[in-house]
Amino acid sequence: MLEIKNLHARIAEDETEILRGVNLTVNPGEVHAIMGPNGSGKSTLSYVLAGKDDYEITEGEVLFNGENMLDMDPDERAAAGMFLAFQYPIEIPGVATMEFLKTAMNAQRKARGEDALSIPDFMKRVKAAANHLNVSMDMLKRPLNVGFSGGEKKRAEILQMSLLEPKLCVLDETDSGLDIDALRIVSQGVNTLRSPERAMVVITHYQRLLDHIVPDVVHVLSKGRIVKTGDKDLALELEKNGYADYVDAAA
Amino acid sequence: MNASVPIKHTQAESDLFDRFESAREALAGSVAVSALREAAVDQLRDRGLPHRRVEEYKYSDLRAFMKAAALLATAADLSRVQAILEDQDLFGGLERYRIVIANGSYLPTLSDVDALATEGVTVTNLNDALSGEHGAQLLAPPKSGQNDGVVALNTAFVQGGVIVDVAEGAAVSKPVELVQVAASSGAQATRIKVRAGAGASLHLLETFIGDTAEGEVNSVFDYDIADKAHLAATRLIVGNCDSARLLTTIATIGAEAEFRSLGFMAGPKFARNQQFINFVGENSEAKIYGVTMVGRDDLADQTLIVDHAVPHCNSREFFKTVLDGRAKGVYQGRINVAQHAQKSDGEMMTQALLLSEEAEMANKPELEIFADDVICAHGATSGQIDEDLLFYLRARGIPEAEAKTLLVLAFLSEAIEEYGEDDVTEGLEARVRDWLASH
């Protein structure tokens, strides 16, 4: 589903190189965790996948279901099935959450040549998903993410993810800022979306999240490269020993 | 004061003098009214059209903009007016009463005179009143703009209009649209007097539709808001037109009364919406909103002076401007607080969103305070679309143009929603989308 080959990327503004040859293949149905110390390039990788133009690709390629994803605009990637759950979901004053959800769902449907959702159908889907994630209808009436707590913002991200039904979900530190209860709700939301047709890339600092969302593969990213790949036990080992070994290995 | 040196008149000014000569006989009014018209033309002759060296017009040089002046529009063809009313309905399905003015003259036959009468609203032809004993009072200039050039231009040429009297305590159940139709080319000058009786409430929609060819439109709305009365005025200055749109509000607010207004502009080449607002009774409130969209190399100007002449009044001024192309936006807002107007509360904010590198915004909020126990604040911001917001929307599959529309709408809606006349919100947001799609 996702093939990243020798990906090099730098910050467009000051040309600081962040990704230095990332290779990663994710197959349908798999959940990959990417762990790594601060500054290793985890968030950059997620932004590059989503198409943020603060970064320049200097080498390598990213194929999404065989298509060159780097040529696509962010909205085209989303319509093709890419979803990034933001580490810091953006507050958008003046845009009602419901209106935003409807616009996003219908924009993607339109891009795929599907009909727009009827209002009752849309409402039904939103209510079901919101109920599942313990998101109140009151929250959905408010402007997008404005005045939401950290936990509410993350739940709203997962709500969007479940409504947009992406093929590839990239979760950027979805556990940051969550208390234990919120972590459980968010993880359950994510686990419900696991399916043989859908792949997930879970980016996190801590092993804690991976107790709830159990990965098939764990990678360690350090200094812009994947320096170690293993199964879920690798996460436990990291939790015990820290990243020191890998930071040195990458140097 | 000084012996004035005769100025060299522009083509437009010469045209205006010719216009006056040719229209003089036909223009309505008593001897006193005619004298006011003459005086206004004399002012124009002495000072010319308002220009950039007049402080209030520093950013909106009408003299430079007006290359010529058309004659006044002649009587409108009724069937043409009806066709335009059907074609260009700015509020779609909204239930409302209508008062129709076409080519500067009141058309009672197309207005809901009888229905309005049952609601306690009386509509009088301005021209009848101008010829009467108190005609000249109807053309009184604003207190804080005695010599305003645009008002003088109106006084000189006012062709017609209406006086709308709302009976004491009458709460008019539907909005009243005062629609001014241009049924042929030519300039239009109208004057609207609204007297909201004590405890009355009314929502006015002020619209301008029709053929927008040559000739400036100059309309003065003069509101007398009696004690405990509520008046909301939604003014729409929309549609592409190459000639100037010059609108003036004069509001005189009694005690425990409320005045709310929204000036919504999108499309004209040169538009100025100026408001002179006066508190004359205590414990009253004025909430003044502006929503402006301006593109190409057009100019849109929102100017206002709010006079807190008495104590214990609140005013809120909240203006939003979106600019594109090489457009120029102007906001000049001043809150005056007189020395004895203690406990005044004024809060003014103007925000601009620039969609292009070449657009320009002049934001000029001012406070002039002589009292010592007041709460007054003002602020101004100018910015671009936030790239992070745009990326977030695009990352959810919303194409760039649609994402920008959402963000611009969100930016402007803040003022529309705070204005709070829910029955027009949808119509106004549709006009924002129109502008974004077509400017």
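Let me begin with a definition: axes here are lines fitted to C-alpha atoms, for helices over the stretch in contact, and angles run from 0 to 180 degrees between N-to-C directions. Keep that in mind for the helices of chain B. One caution before we go on: this is a predicted model.

In chain B, helices α8(B) and α9(B) pack with their axes 9 Å apart, at an angle of about 125°. On the α8(B) side, the contact is made by L389(B), L390(B), L393(B) and R394(B). On the α9(B) side, the residues are E400(B), A403(B), K404(B), L406(B) and L407(B). Sorted by class, the residues of this contact are six nonpolar, no polar and three charged.

Helix α9(B) has another partner, α10(B), which covers residues 422–438. The axes of α9(B) and α10(B) come within 10 Å and cross at roughly 145°. This crossing, too, is right-handed. From α9(B), the contact takes in T405(B), V408(B), L409(B), L412(B), S413(B), I416(B) and E417(B). From α10(B), it takes in T425(B), L428(B), E429(B), V432(B), R433(B) and L436(B). By class there are seven nonpolar, three polar and three charged residues in the contact of α9(B) with α10(B).

Now to where the chains meet. How many residues of chain B are in contact with chain A? There are 17, and they touch 21 residues of chain A. On the chain B side, the elements that give two or more residues are α8(B), residues 387–394, and α9(B), residues 400–419. Of these, α9(B) gives the most, with seven residues. The chain B side as a whole has nine nonpolar, two polar and six charged residues.

Staying in chain B, let us turn to what is covered. Helix α7(B) spans residues 149–157, and nine of its nine residues are buried. They run from G149(B), V150(B) and V151(B), through A152(B), L153(B) and N154(B), to T155(B), A156(B) and F157(B). What do these buried residues pack against? Their neighbours are helices α1 (11–23) and α2 (31–47), together with strands β6 (188–196), β8 (217–225), β9 (230–253) and β10 (258–279), in chain B.

Of those strands, β6(B) is itself mostly covered, with eight of its nine residues buried. Strand β4(B), residues 160–166, is joined to β6(B) by seven bridges, and the two run parallel. Within that pairing, V162(B) has I192(B) as its bridge partner in β6(B). Strand β6(B) also pairs with β8(B), in the parallel sense, over nine bridges. There, R191(B) has V220(B) of β8(B) as its bridge partner.

Next, the sheets of chain A. One is an open sheet of four strands in the order β2-β1-β4-β5, with antiparallel pairing. Which strands stand at its edges? They are β2(A), residues 17–26, and β5(A), residues 67–68; each has a single partner strand, so one side of each is left without a neighbour in the sheet. Further in, β1(A), residues 2–11, and β4(A), residues 55–64, run antiparallel and are joined by eight bridges. R10(A) stands opposite E56(A) of β4(A).

Another open sheet in chain A has six strands, in the order β6-β7-β8-β3-β9-β10, and its pairing is mixed. Its edge strands are β6(A), residues 82–85, and β10(A), residues 225–230, each pairing on one side only. From one strand to the next, the twist averages 20°. Strands β7(A), residues 168–172, and β8(A), residues 199–204, run parallel and are joined by five bridges. One of the bridge pairs is L168(A) with A199(A) of β8(A). Helix α9(A) packs on this sheet and touches β3(A), β9(A) and β10(A), and its direction makes about 45° with that of β9(A).

Last, a single residue. G242(A) sits in the loop between α9(A), residues 232–241, and α10(A), residues 244–250. Is G242(A) buried or exposed? With 11 other C-beta atoms within 10 Å, G242(A) is exposed, because 12 or fewer is the cut-off for that class. Between G242(A) and H8(A) there are 26 Å in space, C-alpha to C-alpha, and the two are 234 residues apart in sequence.

Note on methods. Residues are numbered from 1 along each chain as its sequence is written. Chains are lettered from A and ligands numbered from 1 in the order in which they are written. This is a predicted model: local features need pLDDT of at least 70, side-chain atom pairs count only at pLDDT 80 or more; totals for chains, interfaces and linings use all residues. Two residues are in contact if their C-beta atoms, placed from the backbone, lie within 7 Å. Ala, Val, Leu, Ile, Met, Phe, Trp, Tyr, Cys and Pro count as nonpolar, Asp, Glu, Lys and Arg as charged, and the others, Gly among them, as polar. A crossing is left-handed if the near helix is turned anticlockwise from the far one by less than a right angle, and right-handed if clockwise. Two strands pair if DSSP finds at least two bridges between them. A residue is buried if 20 or more other C-beta atoms lie within 10 Å of its own, exposed if 12 or fewer, and partly exposed in between; C-beta atoms are placed from the backbone.
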